[in-house]
Amino acid sequence: MARKLAAGNWKMNGTAASLAEIESLAQAHPNPGCDVLICPPATLLSRLAGATSGSSIKAGGQDCHTAASGAHTGDIAADMIADAGGSHVIVGHSERRADHGETDADISAKAEAVWRAGLTAVICVGETLAEREAGETIAIVAGQLAGSIPEGATGENTVIAYEPVWAIGTGKVPTLEEIGAVHADIRARLKARFAAAGDDMSILYGGSVKPTNADEIFGVADVDGALVGGASLKAEDFGGIIAALERA
Ligand code: PEP
């Protein structure tokens, strides 16, 4: 069975003052009925992990290097994320694919680095608007899954996030039928490749999830939670999404 997960991606947002949001969230949801993860900027990871240590809220990284250490100025190794108190690392977010030219092969290598550090990789896939309009969504996502997930993925070490690029930060969301079709296809491919482990991997939807649309999105089959950007920055908004996932 896949676990339910509400994951927040703060992207390049947040300073020490933002930790107050986490303290409020931890107070309001000390023992949530689903897994909760916040991936702040690397500068805050250690402090955020400290602020959540009395709760079951987990902390994670937004990216990592493929190597364990070395001459890679500005990069962060998965072991460093583990050392700072992280449990998960997002890899292959569409902003990394677009801004840093990351390929499926890069993302697969990063996921392996995450596993070597004993952490869970949140592997992101999703089509652009042009690809959706060309009717290529399923083929694009299938290709990204095939290329970005290394052999050996399990429900413990891997979470998949389906994030249509055109839905991220835009307020636009696919229809529930469209979300359901992609999630069903992802589940079928995970099962075909990883057998029983394919049933255990959580598949998150990401792209303009808010407290106001979370209930209906979490009602879609094979949606095991969400990867949330903007609405994860405020405790009240993210708390509303957590509450919706607890109800699902
Ligand atoms: C994201 O960045 O992964 C994301 C889903 O952002 P937003 O929720 O703001 O659309």
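Helices (H or I, at least four residues) and strands (E, at least two) are DSSP runs, numbered from the N terminus. The structure is a predicted model, in which local features need pLDDT of at least 70, side-chain atom pairs count only at pLDDT 80 or more, and totals for chains, interfaces and linings use all residues. Residues are numbered from 1 along each chain as its sequence is written, and side-chain values use heavy atoms, with hydrogens and water left out.

**Ligand site**

- Around the ligand there are 14 residues, and those that come nearest are Lys11, Glu163, Gly169, Ser208 and Gly229; a residue is near a molecule if one of its heavy atoms lies within 4 Å of it.
- Lys11 places a polar side-chain atom 2.5 Å from an oxygen atom of the ligand, and a polar side-chain atom of Glu163 lies 2.6 Å from a ligand oxygen atom.
- Ser208 takes part through its backbone, where a polar atom is 2.8 Å from an oxygen atom of the ligand.
- The protein buries 97% of the 290 Å² that the ligand exposes when taken alone; accessible areas come from the Shrake-Rupley method with a 1.4 Å probe, and for residues only the protein chains shown count as cover.
- The shell around the ligand comprises four nonpolar, eight polar and two charged residues. In this classification Ala, Val, Leu, Ile, Met, Phe, Trp, Tyr, Cys and Pro count as nonpolar, Asp, Glu, Lys and Arg as charged, and the others, Gly among them, as polar.

**Largest pocket**

- The volume of the largest pocket is about 570 Å³, a volume being the space filled by probe spheres set on grid points that are joined across faces, edges and corners.
- On a 1 Å grid over the protein atoms alone, a pocket is an open set of points where a 1.4 Å probe fits, with protein on both sides within 12 Å along at least five of seven lines; lining residues have an atom within 4 Å of a point.
- Its lining has 22 residues, and Lys11, Ala42, Gln62, Asp63 and Arg96 lie nearest the centre of the pocket.
- Two or more lining residues come from each of α2 (42–51), α3 (78–83) and α4 (94–99), and α4 gives the largest share, three residues.
- By class, the lining consists of ten nonpolar, six polar and six charged residues.

**Residues with positive phi**

- Most residues other than glycine have a negative phi.
- Ser208, although not a glycine, has a positive phi of about 60 degrees. Ser208 sits in the loop between β7 (202–206) and α10 (211–218) and is buried, at a relative accessible area of 10% (buried means under 20%, exposed over 50%, partly exposed in between, with a 1.4 Å probe and protein chains only).
- Asp222 also has a positive phi, of about 65 degrees, and is not a glycine. Asp222 belongs to the loop between α10 and β8 (225–228) and is partly exposed, with a relative accessible area of 28%.

- Glu127, in the loop between β5 (120–125) and α6 (129–133), counts as buried because its relative accessibility is 0%.
- The side chains of Glu127 and Tyr162 are joined by a polar contact of 2.8 Å; such a contact is a pair of N or O atoms within 3.5 Å, and within protein one must be able to donate a hydrogen and the other to accept it, while residues adjacent in sequence count only if both atoms are side-chain atoms.
- Asn157 lies in the loop between α7 (137–148) and β6 (158–162), and its side chain reaches the backbone oxygen of Gly152 at 3.1 Å.
- Leu129, in helix α6, is 86 residues from Asp215 in sequence and 25 Å from Asp215 in space, C-alpha to C-alpha.
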